[in-house]
Amino acid sequence: MSNEQVKILWADDEIDLLKPHIMFLENKGYAVTAVSSGLEAIDEINSQDFDAVFLDENMPGISGLEVLSRIKSVKPSIPVIMITKSEEEAIMEDAIGSKISDYLIKPVNPNQILLSLKKNLDSKRLVSEKTTTGYQQEFRQIGMRLNDRLDWQEWMDLYKEIVYWDLELEQSGDPSMQEILSMQKDEANSQFSRFIGENYIDWLKENSSDKPEMSHTVFKNWVVPELKEGKPTFLVVIDNLRLDQWKVIQEAISDDFRIDEERTFLSILPTATQYARNSLFAGLMPSEIQKRFPQYWMNEDEEGSKNQFEEQLLVEQIKRLGKNYSHSYAKITNLNFGKKVSEGLHSLVNNDLNVIVYNFVDMLSHARTEMEVIRELADDESAYRSLTLSWFEHSTLRDIVKGIKAMGAKMILTTDHGTVHVKHPIKVVGDRNTNTNLRYKTGRNLNYKAKEVFEVLNPDDVFLPKTNVSSRYIFAQSNDFIAYPNNYNHYVKYYKDTFQHGGISLEEMIIPFVVCSPK
């Protein structure tokens, strides 16, 4: 990178004393933005792109280390050079391990600054060591928390922490620590499945007060408060997007948008498009949709698309809420239509609400099962995330996001459910009318071991439709998948290590909801 291309942010509460240094760099062709506080630095980071940051460790108000944390949460890849009065070697290594690119001691001279910009520290090794040590320290804390009786908010916080360490350890390249985390995640999923089994039905009762936000309430409670008449807002629903997949595309989104708020809510069961996404748009549970709008609901045993009436369900919900939003709705399932939506964004500027459903991640998970080449490209969680990021960076959705930013519109990004990497088969016998999903089954003649599933004998308890009087639902838990006894070995070999949805796991149920404003 030539000097003419390099933009530097320098934050120091004594910035006036550093004018000679700034002039030196500017004479070398660098573009320097100088600020005198941590808050100003964060504002600048949120409003424009920089190639490097010089950051004073000891500033009044918000500290340099806190500014560092905020910078890394928005722009994790930007090099930050910390400037401090401390000379302790342990502090230097700790700072470098915390993803600082360099560490300079005051008073600094111009040549030190220049050298720091040009040299390449051995930071990768230190970051890896710091990450591994950090997780080793956190491992015991996570284990202790798993032994507590966590509430739903604590489960969401714990899952976010697991995702954080999953991504950090992936970067560190330490396979032994990644394996330990994978085992801890399996344990967490087993406990979470038990937690859902104990609480899910109670959350759906009208008199339940302490319950998570869920698919059927999130539009009313979280989307509507973000809508302002006369100002366009885009609701982008990426089907089947896990929390970790959101985190890997977050940096790309952050090129164009500030992340104003990031929350998680709970997908309803089954964590499948037919149920969770219809529920999201209708603001109703599946059996309520079936009763109120039978023309918009198709049961498992009926032929045809199960999600062809999402816009109609959305219109009914908007009416029920007493709103009068001008709106549009587009479902993108192929490249050509994605281009068409991208090219026509300007025509949506006068709508209060524009909904875009993007189906790629769902198609990816199915292709991951059915296509050998995709199985090889995404053979584990890390590769699956990498493939998601690669797709996003070259997709029409990226073009759409940039188009929304150009319009100056707000964007809400969310999903209907996640997906889980399945590993362990459980045997279930059903008649020919039983549905084909590998993570849940519904029907009247199901034969299974009750301890291996979450069973719902009365679908009314969980607001799910009955295909007949004696119908029940069962849900696979953690990373299990349902296999039929006939041709069992072939079936297990084919579906093991694929990504499936419909059941109970942290990955399927705890899903992102992100509010973004254009930069």
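A residue counts as buried when its relative accessible area is under 20%. In this predicted model, Trp222 has a relative accessibility of 12% and is therefore buried. Phe265, with a relative accessible area of 1%, is buried as well.

These two residues also meet through their rings. A pair of aromatic rings is described by the distance of the centres and the angle of the planes. For Trp222 and Phe265 the centres are 6.2 Å apart and the planes stand at 90°, an edge-to-face arrangement. The pair joins distant parts of the chain, since Trp222 lies in helix 9 (residues 218-223) and Phe265 in strand 7 (residues 257-266), 43 residues apart. The model contains 24 aromatic pairs in total. Ring pairs also connect Tyr275, Trp297, Tyr440, Phe454, Tyr473 and Phe475 into a cluster.

Strand 14 runs antiparallel to strand 15 (residues 472-475), and three bridges join them. Within this part of the model, Val456 is placed opposite Tyr473 of strand 15. Tyr473 is also one of the residues in the aromatic cluster.

A second open sheet has five strands in the order 2-1-3-4-5, and its pairing is parallel. Its edges are formed by strand 2 (31-35) and strand 5 (102-105); each has a single partner strand, so one side of each is without a neighbour in the sheet. Here the twist averages 20° between one strand and the next. Strand 1 (residues 7-11) pairs with strand 2 in the parallel sense over five bridges, and Lys7 stands opposite Ala31 in strand 2.

Finally, helix packing can be examined. Two packed helices are described by the angle between their axes and the distance between the axes. Helix 14 (residues 335-343) and helix 18 (residues 396-407) pack at about 10°, and their axes are 9 Å apart. Angles under 35 degrees count as roughly parallel, and helix 14 and helix 18 are therefore roughly parallel to each other. On the side of helix 14, the contact involves Leu335, Gly338, Lys339, Val341 and Ser342, which meet Thr396, Asp399 and Ile400 of helix 18. By class, this contact comprises three nonpolar, three polar and two charged residues.

Key. Residues numbered from 1 in each chain as written. Predicted model: local features only at pLDDT ≥ 70, side-chain atom pairs only at ≥ 80, totals over all residues. Heavy atoms only, no water. Axes fitted to C-alpha atoms, helices over the stretch in contact; angles between N-to-C directions. Helix = DSSP H or I, 4+ residues; strand = E, 2+ residues; numbered from the N terminus. Parallel < 35°, antiparallel > 145°, perpendicular 65-115°, else oblique. Contact = heavy atoms within 4.5 Å. Nonpolar A, V, L, I, M, F, W, Y, C, P; charged D, E, K, R; others polar. Pairing = 2+ DSSP bridges. Phe/Tyr/Trp six-rings, centres within 6.5 Å; stacked < 30°, edge-to-face > 60°. Buried < 20%, exposed > 50% of the residue type's maximum accessible area, 1.4 Å probe, protein only.
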